[in-house]
Amino acid sequence: KIHAILSPSSADRWMTCLGSVILAKDLPDRSSAYSTEGTDYHEVAAYCLEEGVEAASVVGRPMKSEAIATEDNLRYVQEYIDVIQSHVDEGGQLLVEETLPISMLTGEPGAEGTADAIVQRADRELVVGDLKFGRGVQVQALANRQARIYALGAIEKYGLHDRYDTVRLLISQPRNGGTSEDVVSMSDLLSFGKEVTRIARRILTVTADGTLVFTPNLPLVPSEKACQFCKANGTCPALRDNVEKAMGEGFAHLDGDAAIEAVMASIQAMPSETVLGSAMDQTDLVEIWLKGVRARVESELVAGTPVIG
């Protein structure tokens with residue numbers, strides 16, 4: 001399976017911050033206990049849907065990472081299964097962990113994405129389901145780029161352009177908000193596909209021999225959605241500039257208690273009717289940057305690379 005650089009799961013990043021593709025494309029993927037847990041329970045959910053069994057039937061079994069499936073977490077998995085199964089019960093054909101083409105959108109030869117669940121209903125509505133097992137960052141179905149790209153992939157793979165009038169996007173996040181839905185018309189979805197292609201063509205072109213050529217000097221546009229899971233968030237110059245603006249100037253030469261006092265004094269001096277609200281808008285980005293810096297330093301040290309200071 002080809003790892004897509006312009007992947008559906010990172011569409012919130014590359015469709016809004018085009019320059020991030022260059023910064024992040026050669027950086028290693030990050031893994032964590034949270035991502036491993038998510039992978040484990042995604043596979044459990046897929047197994048249960050394919051075999052038509054309740055999630056509770058796998059309590060105590062080892063998963064892909066060899067962690068043991070717990071009763072509490074399987075209750076959450078069952079919530080997702082019930083949502084998907086409700087559409088199947090209405091006469092739909094279920095496709096689980098379906099590999100879908102996206103190269104017709106992004107231009108990357110052979111690029112694919114994998115949808116958690118596709119239900120080809122008997123009526124004029126296609127259903128695309130996506131399980132989000134995390135509890136930290138809430139994901140909504142409304143205008144969800146990842147789910148929309150999956151829908152376009154399913155339409156392309158099975159020739160469904162004239163089969164459905166609407167597509168129902170389901171984001172099931174049982175540990176953080178439950179299930180959200182967005183119903184989009186086929187015409188609006190196809191218009192979105194044109195926007196995906198327009199942006200993808202700005203980022204890269206493909207030569208006759210299949211070589212990917214990336215456009216230099218694309219804009220970096222930090223935002224909470226774009227930066228949250230970007231592999232380059234610890235080294236991005238635009239995000240760093242945003243952080244420096246949010247913090248103000250004059251702290252770089254201070255250490256320890258003096259720096260803390262200077263930062264706190266600056267915050268206390270912010271007029272609440274003008275500056276404080278603007279600073280609050282930047283706090284999520286500052287936190288993302290800090291996490292990115294810590295992750296980058298850790299990866300450098302683990303690799304044996306000295307980090308001066």
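Cys17, Ser20, Leu23, Leu220, Ala226, Cys227, Cys230, Ala232, Asn233 and Cys236 form the lining of the largest cavity. All views here come from a predicted model.

**View 1. A look into the largest cavity.** This cavity holds a volume of about 70 Å³. Two helices, H2 (20–24) and H8 (224–228), each put at least two residues into its lining. Sort the lining by class and you get eight nonpolar residues, two polar ones and no charged ones. The cavity is one of two of 30 Å³ or more that turn up when the whole structure is searched.

**View 2. The second largest cavity, with charges in its lining.** Here the space comes to about 30 Å³, and the lining includes two charged residues along with six nonpolar and one polar. Around it sit His42, Ala45, Ala46, Leu49, Tyr80, Val96, Glu97, Asp116 and Leu131.

**View 3. Glutamate 98, tucked into strand E1.** Strand E1 spans residues 93–101 and has glutamate 98 in it. With a relative accessibility of 11%, glutamate 98 falls under the 20% cut-off, so it counts as buried.

**View 4. Who glutamate 98 meets.** Its side chain makes a polar contact with the side chain of lysine 157, at 2.9 Å. Leaving aside residues up to four places away in sequence, glutamate 98 touches Gly113, Thr114, Ala115, Ile118, Lys157 and Tyr158.

Technical notes:
Residues are numbered from 1 along each chain as its sequence is written. This is a predicted model: local features need pLDDT of at least 70, side-chain atom pairs count only at pLDDT 80 or more; totals for chains, interfaces and linings use all residues. Side-chain values use heavy atoms; hydrogens and water are left out. Helices (H or I, at least four residues) and strands (E, at least two) are DSSP runs, numbered from the N terminus. Buried means under 20% relative accessible area, exposed over 50%, partly exposed in between (1.4 Å probe, protein chains only). A polar contact is a pair of N or O atoms within 3.5 Å; within protein, one must be able to donate a hydrogen and the other to accept it, and residues adjacent in sequence count only if both atoms are side-chain atoms. Contact means heavy atoms within 4.5 Å. On a 1 Å grid over the protein atoms alone, a cavity is a set of points where a 1.4 Å probe fits but cannot get out, and a pocket is an open set with protein on both sides within 12 Å along at least five of seven lines; lining residues have an atom within 4 Å of a point. Grid points are joined across faces, edges and corners, and a volume is the space filled by probe spheres set on the points. Ala, Val, Leu, Ile, Met, Phe, Trp, Tyr, Cys and Pro count as nonpolar, Asp, Glu, Lys and Arg as charged, and the others, Gly among them, as polar.
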